[in-house]
Amino acid sequence: MRQWIAEVAYETTSGPKRITESYYMPSTDDVRQAIAKKGGYVLTIRPHERSPVERLLARSSWWQIQLLRGIQFRSTSTSSGVALWKIIQSETNPRRQNILAPAREALARGMGVIDALRALRIFDHGTLAILAASERANKLQEGIPHAIHSISQKKKNMRAIGGTMAWLGFDVITITQSLFWGRTMVLKWFQDNAPTEPEEQEKYERVVGNLSLTWDILIYSCFALGGFMVWCIISFWINKGKTDWPTARAVRKIPLIGGYLRDLGFSDSMGAAARMLRGLVPIGDALIQSAEATTVPDVADYWRSANEELRRGVNLGAALDRPPLTRSERLEIASLSDLAQVATVMESIAELRTGAAKTKHSLIVWIAFLLTGVYLAIAFGSAIYALTVMNMSMDSMMGGLMQGAM
């Protein structure tokens, strides 16, 4: 499902009339059929695209929190779907109207509030999981504060990581820039002032070669890492809301970061599953919804596999007792004796995974500090090494001058 913008011509008493209409449908063929039923003629159909300013506003945590708070406030006297419809109808800002257009189309076609929020493509899967679980349990108004807390916590974590990386990146870029711009000048000076004695010249050239190689490795490795980080940031920004794409797969292969994302995925999905079970949602529906609550394939496959085992008649504890849960988590799951304990165990696992994610987050920051320190130490060490080479050249020149004077 996505939003389409169509230019349509209609026959009127005053002649043909061209109108631009918005449709929220799976494909262009569905749009053509809908227009044909209304007696119109399709001129053009194009996917709905947001401007860069609209994408920035839509994906900001401030906008997401304001939208959820508006739904929570209005849903005290009406349904959540009607509350969202009133918010859309009362919006006067053209940019926000364009952002909310997919939700308006979804609601107009009889879809639920979660489908409408999903159509906006502004919330991450963890937030949608909390909202969907609360809605399935008929407690959306109670779940919205949890979703807002989740958005705020993730924003805080991203600020911490972003601030640390920005500071470390400034140090590395400054040193790399000095090496990049000074490399040619320094090496040229070394080549122009090489010793004349064969033995000293051989040693001198070997030392200068090692220095040049060290600087090349430092400079190009920094450029490569910087390019990879920029590529990841842009890719995650563009593909926000998608379940899987090449950049995400590449990032998940990084050992510590992959574990960090897996912990966040289990934390969100386990919490959503527990909330649905406490709301008396059927266990099969809860497992399917939990699989959709995360973008990490390993976590999603865990829930799908558990649901398949459960449908084959396997005991619930045995169905949930599988990797990538840890040994202690699997022991806790395997000890289940009745359905009433499942929500409690899942909440416990969600808390454990949240704690593990925080630990990995701190570890990632400290490793970044350590690697940056090693890089800076090598850079400063190579600069001191360059001064040693320069002294070697100066000593050779002074020795030649002394011999010439004698």
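Modeller: What follows covers the patch, then the protein around it.

This is a predicted model, in which local features need pLDDT of at least 70 and side-chain atom pairs count only at pLDDT 80 or more, while totals for chains, interfaces and linings use all residues. Residues are numbered from 1 along each chain as its sequence is written, and side-chain values use heavy atoms, with hydrogens and water left out.

The surface patch is formed by F180, W181, Y220 and F223, which together have about 510 Å² of accessible area. Two or more of its residues come from each of α8 (140-192) and α9 (198-238). Areas come from the Shrake-Rupley method with a 1.4 Å probe, and for residues only the protein chains shown count as cover.

F180 lies in helix α8. F180 counts as partly exposed because its relative accessibility is 35%, where buried means under 20%, exposed over 50% and partly exposed in between.

As for the whole protein, it has 16 helices and three strands, which are DSSP runs (H or I, at least four residues; E, at least two) numbered from the N terminus. Of its 406 residues, 40% are buried. The accessible surface of the protein is about 22,600 Å², with 60% belonging to carbon and sulfur atoms.

Conventions. Patches are made of residues with over 30% relative accessible area and no salt bridge: like charges are joined within 9 Å, nonpolar side chains (Val, Leu, Ile, Met, Phe, Trp, Tyr) within 5 Å. A salt bridge is a side-chain nitrogen of Lys or Arg within 4 Å of a carboxyl oxygen of Asp or Glu. Buried means under 20% relative accessible area, exposed over 50%, partly exposed in between (1.4 Å probe, protein chains only).
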